[in-house]
Amino acid sequence: MKRSPLDGSEHTSWIYLLPGLLLYAAFVFGPIVAALGLSLTSWDGLTVPKWVGLGNYVDLFSDDRFYIALRNNAELMIFYCVLPLVLGIALAACVWNLKQREQLALRTFLFLPYIMPTAVLGIIWAWLYNPAFGPFNQFLRAVGLGAFALPWLGDFDFVLPAVGIVATWYFFGFCMVIFLTGIQRIDPSLFDAAKVDGASARKTFFWITLPLLMPEIRVVLLLTVIASIKSFDLIFTMTRGGPANATLVPNIYMYQLGFELNRFGAAAAIAIVGALLTFAINYAIHRLVGSQNKG
Amino acid sequence: MSRSSNIPAATLSFRIILWLLAFVTITPFLLLLLTSIKSKADVLKGAFALPAYPHFENYVDAWSAGHFNIYFWNSIIVVIPVVAASVFLGLLTGFAFAYLSFPLRRTLFGILTIGMMVPAEAFIIPLYYEMRYLGLINTYAAVIVPQIAMSIPFSTIFLASAMQQLPDEILEAAVLDGAGRFYILRKIVIPLMVPAMSTLALFLFIWTWNEFLIPFILVNDDAYRTLPLGMLFFQGRYTVNTPVLTAGAVIVIAPLILTYLVFQRRFIAGLTAGATK
């Protein structure tokens with residue numbers, strides 16, 4: 001960093017740093033380190049924690065339920081990451097050509113779910129999906145698709161997509177907005193040149209728009225993948241991981257082990273695996289998804 | 001492909017699809033609003049049927065009998081100090097990271113970014129026991145203090161990068177005039193940071209209003225629950241009374257929708273600027 005004109009005595013710098021850093025250390029970083037330590041112990045929350053080394057991690061990776069949770073999480077990524085990404089790009093490419101006011105109006109509507117509390121969205125969708133009086137099944141019956149009016153959140157096969165669609169609904173407008181600014185960042189003369197060369201709309205999209213949107217694709221992937229790994233609120237309020245583990249994800253499992261079964265060491269181990277997974281995926285996306293401007 | 005001749009037809013069908021999608025996207029909210037003014041008898045006539053006349057008493061029920069008055073008040077009591085303290089502390093630490101040198105600068109910055117990536121789920125158990133040790137479970141402090149701490153990394157990085165964009169000349173001139181650091185922060189930097197501070201406050205308001213895990217774990221007394229929590233426990237008591245339940249949901253999301261509609265441009269500009277940096 002270049003020296004700023006304000007730079008001077010290092011002692012007085014701490015006056016600015018300490019209030020924020022101390023609070024952060026006490027209530028975020030300290031607990032993160034403590035979680036790491038806790039994951040190496042066996043602890044019921046009452047007695048003295050017992051050191052077990054990597055025992056919790058060994059147990060976890062021979063635990064079928066943990067694998068179920070990981071597999072569900074991987075499947076949910078289709079709904080958290082892939083669908084919003086694809087829909088977002090496609091919509092941005094369509095909306096981009098429209099007049100400013102119409103663009104703004106569409107953006108306002110499509111973005112709306114993203115500002116809502118996911119816990120409350122879960123409760124709302126549990127009502128929409130309700131098999132007895134939920135509007136969703138009433139709609140299906142009204143249009144003659146009564147055969148498909150399933151008990152969505154109680155059906156072992158359909159519950160994961162049913163929850164996943166809510167995540168897609170939550171994220172796709174957000175993705176569109178990010179891609180829309182990405183497209184506006186692209187030099188318009190590139191599109192003009194493509195038109196002069198007689199490139200079709202499809203070719204222009206795949207050869208110009210898409211490659212130049214790589215920085216945005218990377219950001220969207222990062223944010224949605226992390227959101228899918230930490231998913232808790234939405235699933236907790238809709239299904240609590242059920243029926244029969246069909247929507248169990250690591251953070252729900254962590255909650256069950258910790259706050260329902262008082263196995264805090266094992267729960268902390270799941271939390272740490274989740275954090276490591278986040279770091280690993282973050283790193284992988286930074287390395288694999290190329291971008292023109294390094295950031 | 002002769003694109004020019006196809007454009008009107010193509011865009012029209014595109015536009016119809018886009019508007020249909022926009023309509024489907026907000027349908028859950030429209031249904032919520034519609035159901036919240038129905039009577040229980042109206043609900044039995046079907047989800048899409050209109051009520052004979054609006055039943056605003058559902059809101060009264062949710063507000064007083066459903067304790068939403070308490071939850072709403074708690075959300076306000078929590079959001080204001082979290083936003084104010086986070087912006088204030090973000091200004092101080094952001095100022096230090098933007099302009100000052102100090103030992104372990106890079107390490108401290110790295111430690112801050114860890115806090116931005118690790119979700120609260122990962123450290124909620126130690127945090128719960130820390131709060132219990134401090135005797136803060138079931139207090140406003142249990143909900144307020146950790147959320148200030150959790151927002152420090154974002155506030156710091158957001159404001160530091162905004163401060164770094166200020167031209168050096170302004171600061172140099174102030175230093176030449178003999179102004180001290182704190183004076184420069186107060187009289188020169190902060191006035192220029194007002195747009196960045198208001199964008200930050202907007203993000204923090206929405207995140208804090210929506211926070212679920214922290215109050216869920218650290219508070220179990222109804223008197224301290226914020227709106228999203230209140231909604232969950234309210235659902236447990238009122239599952240059969242859909243109109244009052246939906247009225248409660250409207251009370252939770254109405255302030256968000258209002259804020260979003262008023263500050264939409266600022267919100268989206270801040271979001272996309274942050275996302276592509």
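Read along its sequence, chain B follows the pattern α-α-α-α-α-α-α-α-α-α-α-α-α. This chain holds 13 helices and zero strands, where helices (H or I, at least four residues) and strands (E, at least two) are DSSP runs numbered from the N terminus. The model is predicted: local features need pLDDT of at least 70, side-chain atom pairs count only at pLDDT 80 or more, and totals for chains, interfaces and linings use all residues. Residues are numbered from 1 along each chain as its sequence is written, while chains are lettered from A and ligands numbered from 1 in the order in which they are written.

The radius of gyration of chain B is 24 Å, well over the 19 Å that the globule rule gives for 277 residues, so chain B is more spread out than a compact globule. That radius is taken over C-alpha atoms, and the rule is 2.2 Å times the number of residues to the power 0.38. The C-alpha trace of chain B spans about 75 × 70 × 35 Å along its principal axes.

Chain B also touches chain A. Their contact (C-beta atoms, placed from the backbone, within 7 Å) takes 75 residues from chain B and 73 residues from chain A. On the chain B side, helix α1 (residues 3-36) gives the most, with twelve residues.

Contacts also link individual residues. Leaving aside neighbours within four places in sequence, B:F95 is in contact with A:Y16, B:M163, B:L185 and B:V189.

Definitions and conventions:
Contact = placed C-beta atoms within 7 Å.
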